[in-house]
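Here is a short report on one protein model.

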Amino acid sequence: MRFLSTRGAAPAADLVHALAVGLAPDGGLYLPATLPRIDLATLAAAPTPAAVCAELLRPFFADSPLATDLPALCGEAYAQPLPLRALAAADDYVLELFHGPTAAFKDIGARFLAAALQRLRAPGTPPLTILVATSGDTGAAVAAAFHHRSGFRVVILYPRDGVSARQAHQLGAFGDNVLTLRIAGSFDDCQRMAKRALGDAALRAALPLASANSISLGRLLPQAGYYAWAALTHWRGTGRALSFIVPTGNLGNALAAVIARRMGLPIDRIVLACNANDTLPRFFAGADYHAQPSRRTLANAMDVGAPSNFERLRALYADDAALRADLTAHAVSDADIRATLRAAHARHGLLPCPHTATALHVLQRLRATGDTQPFAIVATAHAAKFAEVVEPEFGHAVAIPKPLAALLARPSHSETLTAGDDALLTRLRQLHNIGWLDTAQPRGRT
């Protein structure tokens, strides 16, 4: 299996190279050269989410050094419950992806990537710095996955005023080989800075870098596994294809659903639920694609005005008309998020996070139009991570899951950095010059 850049100006890469570098040399994102069709009978016989994921990904890993390790990689990634629960109304479901160590769906892809890169690491090679921009949940998941892994260090960039208090505490709670930077700007600034560093040839020559954002194939591909598992679970039980409503910001999670459907899984419609950052809803309604400055909302992990994976999504389709015919997108205001949170338990039997609430609100819109198809909303994070948003609407405190409570009990450290490309490049060179991997300690305090 070869992997091609979305921009078409870089040589085809093998799996190992595509996993290791993240960005292609031409600045594009890697995609498989082909998306093979999967035999449903073989896939349906797989008894666990990890086994389904291993079967789904087998063609991509064939003839790679990781081929024999693939079942173990999927086992590490899917070491958490993955319930598909029925909601109060018929044909309404929720796929819960937040039962991992940082209480967010990103734990699955981050664990897979960390396990894969660990196995690919040759003895004696220089340490690899994982650079990750986060709008709230990605950074903690990546930090947890790489924490204390020999030969790796993680640098997290997050918008100083753009995450919840508990998310910020999580991001700074690791230390050791994890450094957390509070950026005086937006998530778009964080993402731009990370891409600039990843594309700096001189820096990469001195300091091996890799990405763990959703631009990384090592995160994207395993995420297709949970859509495969949920669709197969529903199909085996009902004989019907399942549709998904996916909260989305940077589009990685939704893209994973598109890949699973393209590979032959019984998935009907894929609907994108966005917050007030409406770059995607505008495009899918017929406007030209224009990235916008991100706006702060209650669903902060989706505060993205320039979704990176749109480039990948566009590359999968013949033209924009075909893309618009295959997906739809809805913008959900903060007022609608609050109203959905208030009514969620009584109406649906659910206590969602603000991001999951966007999907729940879109489900309500679809049902109000008479849409009766089976839909699963994708629950991307535990509500306890956003106590200051959800608890006033629920009218009571939310129980904190044990893994999250353990992180919140640790001290939290981070340092502030200006939102400039040169500031990050300078800081990374400083870290390299002082041999940070051997002396890594938290710098600064939240």
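The largest pocket in this predicted model holds about 360 Å³ of space. Its lining has 21 residues, and those closest to the centre are Arg 7, Leu 23, Gly 27, Leu 29 and Lys 195. Helix 13 gives the largest share, three residues. The table sorts the lining by class.

| Class of lining residue | Number in the largest pocket |
|---|---|
| Nonpolar | 11 residues |
| Polar | four residues |

Next, the cores. The largest nonpolar core has 76 residues. Tyr 226, Tyr 227, Phe 244, Phe 284 and Leu 313 have the most contacts inside it. Helix 10 (residues 217–238) supplies the largest share of this core, 11 residues. A second, separate core has 34 residues, including Ala 104, Leu 298, Ile 377 and Val 389.

Phe 244 touches several residues beyond four places away in sequence. Among them are Leu 95, Tyr 227, Ala 230, Ile 267, Arg 269, Phe 375 and Val 378.

Asn 253 sits in helix 11 (residues 252–262). Is Asn 253 buried or exposed? Its relative accessibility is 5%, so Asn 253 counts as buried, the cut-off being under 20%. The side chains of Asn 253 and Tyr 227 are joined by a polar contact of 3.0 Å. Leaving aside neighbours within four places in sequence, Asn 253 also contacts Phe 105, Gln 223, Tyr 226, Val 246, Val 378 and Thr 380, among others.

Notes
Residues are numbered from 1 along each chain as its sequence is written. This is a predicted model: local features need pLDDT of at least 70, side-chain atom pairs count only at pLDDT 80 or more; totals for chains, interfaces and linings use all residues. Side-chain values use heavy atoms; hydrogens and water are left out. A nonpolar core is a set of buried Ala, Val, Leu, Ile, Met, Phe, Trp, Tyr and Cys residues joined through side-chain atoms within 4.5 Å. Buried means under 20% relative accessible area, exposed over 50%, partly exposed in between (1.4 Å probe, protein chains only). Helices (H or I, at least four residues) and strands (E, at least two) are DSSP runs, numbered from the N terminus. Contact means heavy atoms within 4.5 Å. On a 1 Å grid over the protein atoms alone, a cavity is a set of points where a 1.4 Å probe fits but cannot get out, and a pocket is an open set with protein on both sides within 12 Å along at least five of seven lines; lining residues have an atom within 4 Å of a point. Grid points are joined across faces, edges and corners, and a volume is the space filled by probe spheres set on the points. Ala, Val, Leu, Ile, Met, Phe, Trp, Tyr, Cys and Pro count as nonpolar, Asp, Glu, Lys and Arg as charged, and the others, Gly among them, as polar. A polar contact is a pair of N or O atoms within 3.5 Å; within protein, one must be able to donate a hydrogen and the other to accept it, and residues adjacent in sequence count only if both atoms are side-chain atoms.
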